[in-house]
Amino acid sequence: MSVRLTDPFDVDVVVVGAGFTGLTVASALQRAGVSFIVLEARDRVGGKTEAQQDATGRLVDTGGQFVNDDMPDVLALASAAGATRVMAVHPGHAVTVPPPTDSDPWQEAVDLLGALGIAQLDDNRTVMEWAVALDVEQNVRNAIRSAVNGANCHDARIIPLSTLAQFNLRTPMQAEELQSWFIDTMHSLALHLAAPLSGQIRVNCPVRAVHLHDQSVDVVALDQVWHCREVVAAVPPTAYAHLHITPPLPDDIAAAARAFSPGTVIKFLLRYQDPFWLDHGRNGIGQFLAPPGIYFADVSAPGAPSLVGFVGGTTAMEWQRHSPAQRREAILHHAADAFGPEAQQPLSVLERLWAPDEWGGGGYSNVQTTHLPTATDTLVAGLPLLTFASTELAPQFPGYVEGAIRAGTVAAAEVLRRLGRQGPNQQGGAGSSPPDLQY
């Protein structure tokens with residue numbers, strides 16, 4: 001049971017948002033005996049992870065889904081939840097559309113993007129301004145644009161080069177990005193994390209205002225005001241405006257938040273009778289030079305051959321204006337371009353259109369679209385009674401569930417330090433390490 005430090009506070013900490021970051025913060029507070037409430041605007045926990053049933057009755061991830069060997073915190077949570085991991089990497093070759101006539105432009109693009117780092121942190125060009133200046137074939141530039149649009153759910157003609165450089169420095173990834181997923185769904189891990197917190201989570205409870213005082217905070221949500229010592233905004237930077245924080249955020253923090261924009265992504269789960277996309281030496285990957293931002297991968301469960309199709313960035317912005325029937329026709333057309341006419345005969349098609357998502361923006365995470373290399377550090381520093389935490393601000397793996405968990409761990413450690421509480425396996429005081437994750 002949570003124990004309050006002192007009255008007259010309703011709770012010691014209000015956590016805004018029940019995605020993986022907010023749930024991680026709340027779990028650490030619960031272990032430390034600090035009272036809290038988690039306020040979630042959606043009707044569920046999990047943030048940008050969720051699960052739905054397809055037409056065959058199978059529960060599938062319609063939000064964040066993949067994990068790899070470089071992500072120990074997600075894997076530890078999955079182990080505790082008893083989730084079954086499925087490897088998605090297969091031998092063979094990827095299909096590039098349209099097919100290149102000579103060398104592989106996609107691999108060259110990936111190598112060029114992967115080499116971005118410290119030298120580009122102060123480069124204020126956009127990704128495509130940088131790409132145009134490269135001494136490469138046009139197909140390589142097309143691959144750069146498509147890869148960046150798809151991965152960031154935004155327009156490579158707007159994203160600063162420094163954003164990708166910072167991402168590389170914060171993401172020490174050696175394994176394939178889409179290496180594996182969970183039959184039980186990634187969203188089931190959020191449910192597992194939330195289960196011990198159920199009495200302290202309120203869904204359908206958007207925060208309407210956050211009033212910062214000298215030594216306390218009032219958080220207004222629906223018809224209740226929560227008087228607390230600290231508040232953790234475990235939401236993306238573009239959602240800060242929904243919180244109506246008073247007094248207004250300082251100029252540097254407001255500018256840092258404005259540096260981020262919501263992306264746009266559409267996800268399709270395509271179920272088939274047979275995994276024909278693995279025939280003829282193919283590995284199930286379909287990558288498009290044009291239209292930019294379209295990508296397919298194998299997500300077959302035993303007895304359930306399936307493809308996942310992602311449409312991100314400018315192509316998703318265009319597709320969202322069309323009807324569901326038109327988008328279904330379009331994704332099957334592109335699947336057939338990659339893997340043959342069999343792709344036109346799915347058993348089921350499940351679409352998740354994230355573009356109009358009210359609470360977290362239209363992509364799997366916000367993306368920094370203004371050249372401001374200090375933005376993340378400025379937001380992480382936060383304010384005396386207000387801590388910002390989300391996957392975008394993670395010290396490692398920003399944009400992933402792994403990053404969301406790590407951001408929550410860091411935020412919880414800072415809040416506990418300020419409250420004078422020691423988390424599990426943590427010595428109190430400034431500069432101490434984040435509490436160990438315990439699932």
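# Close-up views of a predicted model

**View 1. Asp155 and Arg157 join their side chains in a salt bridge, with 3.0 Å from N to O.** A salt bridge here is a side-chain nitrogen of Lys or Arg within 4 Å of a carboxyl oxygen of Asp or Glu. This is a predicted model, in which local features need pLDDT of at least 70 and side-chain atom pairs count only at pLDDT 80 or more, while totals for chains, interfaces and linings use all residues. Residues are numbered from 1 along each chain as its sequence is written, and side-chain values use heavy atoms, with hydrogens and water left out. Are the two partners buried or exposed, or something in between? Asp155 counts as buried because its relative accessibility is 6%, whereas Arg157 counts as partly exposed at 47%. Buried means under 20% relative accessible area, exposed means over 50%, and partly exposed lies in between (1.4 Å probe, protein chains only).

**View 2. Asp377 and Arg170 meet in a salt bridge of 3.1 Å, N to O.** Asp377 sits in helix α12 (residues 375–381) and Arg170 in helix α6, so this pair ties together parts that are 207 residues apart in sequence. Helices (H or I, at least four residues) and strands (E, at least two) are DSSP runs, numbered from the N terminus. Asp377 is partly exposed, with a relative accessible area of 48%, while Arg170 counts as buried at 15% relative accessibility.

**View 3. A salt bridge of 2.6 Å, N to O, links the side chains of Glu351 and Arg327.** Here a strand meets a helix: Glu351 lies in strand β19 (residues 348–353) and Arg327 in helix α11 (residues 324–339), so the pair ties together parts that are 24 residues apart in sequence. Glu351 is partly exposed, with a relative accessible area of 21%, and Arg327 is buried, with 5%. How many salt bridges does a search of the whole structure find? The search finds 13.

**View 4. Four strands make an open sheet in the order β11-β10-β9-β13, with mixed pairing.** The edge strands are β11 (224–228) and β13 (245–246), each of which pairs on one side only. Two strands pair if DSSP finds at least two bridges between them. Strands of a sheet pair through backbone hydrogen bonds, either parallel or antiparallel. Strand β9 (residues 207–212) pairs with strand β10 (residues 217–221) in the antiparallel sense over 5 bridges, and the two form a hairpin with 4 residues between them. To follow this pairing, look for Leu212 with its bridge partner Val217 in β10, then Ala209 with its bridge partner Val220 in β10. β9 also runs parallel to β13, and 2 bridges join them; Val210 has Ile245 in β13 as its bridge partner.

**View 5. Strand β17 (residues 294–298) is mostly covered, with 4 of its 5 residues buried.** Strand β16 (residues 282–288) runs antiparallel to β17 and is joined to it by 2 bridges; Gln287 has Tyr295 in β17 as its bridge partner. The hairpin of β16 and β17 has 5 residues between the strands, and in it Gly293 takes a positive phi near 90°. Pro291 lies in the loop between β16 and β17, and the peptide bond from Ala290 to Pro291 is cis, with omega near -5°. β17 also runs antiparallel to strand β18 (residues 306–312), with 5 bridges joining them; Ala297 has Val308 in β18 as its bridge partner.

View 6. Most residues other than glycine have a negative phi, and most peptide bonds are trans. Cys153 lies in the loop between α5 (138–152) and α6 (161–170), and it is buried, with a relative accessible area of 3%. Phe397, also not a glycine, has a positive phi near 55°. Phe397 sits in the loop between β21 (386–388) and α13 (401–419) and is buried, with a relative accessible area of 1%. The peptide bond from Val97 to Pro98 is cis, with omega near -10°, and Pro98 lies in the loop between β6 (93–97) and α3.
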